[in-house]
Amino acid sequence: MKLQENRQKLSFLILIIAVFMLPMKISAQKQNYQNCIYAKRSNIIDPDTLKPNFDEYKIFWHFVKLTYKQLKELEPLEIKAEFKKIGITTKENDRFVDAYSFFDTRVIGHKKSCENIQHFDFLKPKQ
């Protein structure tokens with residue numbers, strides 16, 4: 001009998017938590033990251049340390065205005081075309097592979113990290 005009461009209380013508690021979490025989940029999905037500042041440092045990339053004549057610098061600044069979601073939705077041929085605009089072609093296979101690897105892991109990860117930081121910005125202590 002006691003076990004059944006505890007299960008009912010636990011189920012009710014889970015239901016209450018779910019009801020309170022749902023609006024937060026919906027508002028998080030609606031958040032717009034168009035105003036996110038991707039030029040700031042994250043735990044993945046520090047833009048200030050990228051050297052101007054290197055591919056990482058060119059890739060980072062070429063895609064700086066796009067959000068994480070926009071980057072994830074890019075088709076491979078679109079990425080190839082964007083790389084071509086900054087002088088990275090598939091003719092130099094090793095260079096292209098390194099550039100794509102940097103783009104796919106570090107740039108996209110940096111964007112996601114910046115958006116997460118912005119999402120939890122309200123937790124910053126007030127001055």
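Trainee: Rings of Phe, Tyr and Trp (six-membered ring) pair with centres within 6.5 Å; planes under 30 degrees apart are stacked, over 60 edge-to-face, the rest tilted. How many aromatic pairs does a search of the whole structure find?

Mentor: The search turns up 7 aromatic pairs. One of them is Tyr57 with Trp61: the ring centres sit 6.3 Å apart and the planes make 55°, so this pair is tilted. Remember, this is a predicted model, with local features needing pLDDT of at least 70, side-chain atom pairs 80 or more, and totals using all residues. Numbering runs from 1 along each chain, and side-chain values use heavy atoms, without hydrogens or water.

Trainee: OK, what about Phe63 and Phe103?

Mentor: Their ring centres are 4.8 Å apart and their planes are at 50°, so that pair is tilted. It links distant parts of the chain: Phe63 is in the loop between H2 and helix H3 (68–72), while Phe103 is in helix H5, 40 residues away. Phe63 and Phe103 are both buried.

Trainee: Which residues do ring pairs link into a cluster?

Mentor: Phe63 and Phe103 belong to it, along with Phe83, Phe96 and Tyr100.

Terms used. Helix = DSSP H or I, 4+ residues; strand = E, 2+ residues; numbered from the N terminus. Buried < 20%, exposed > 50% of the residue type's maximum accessible area, 1.4 Å probe, protein only.
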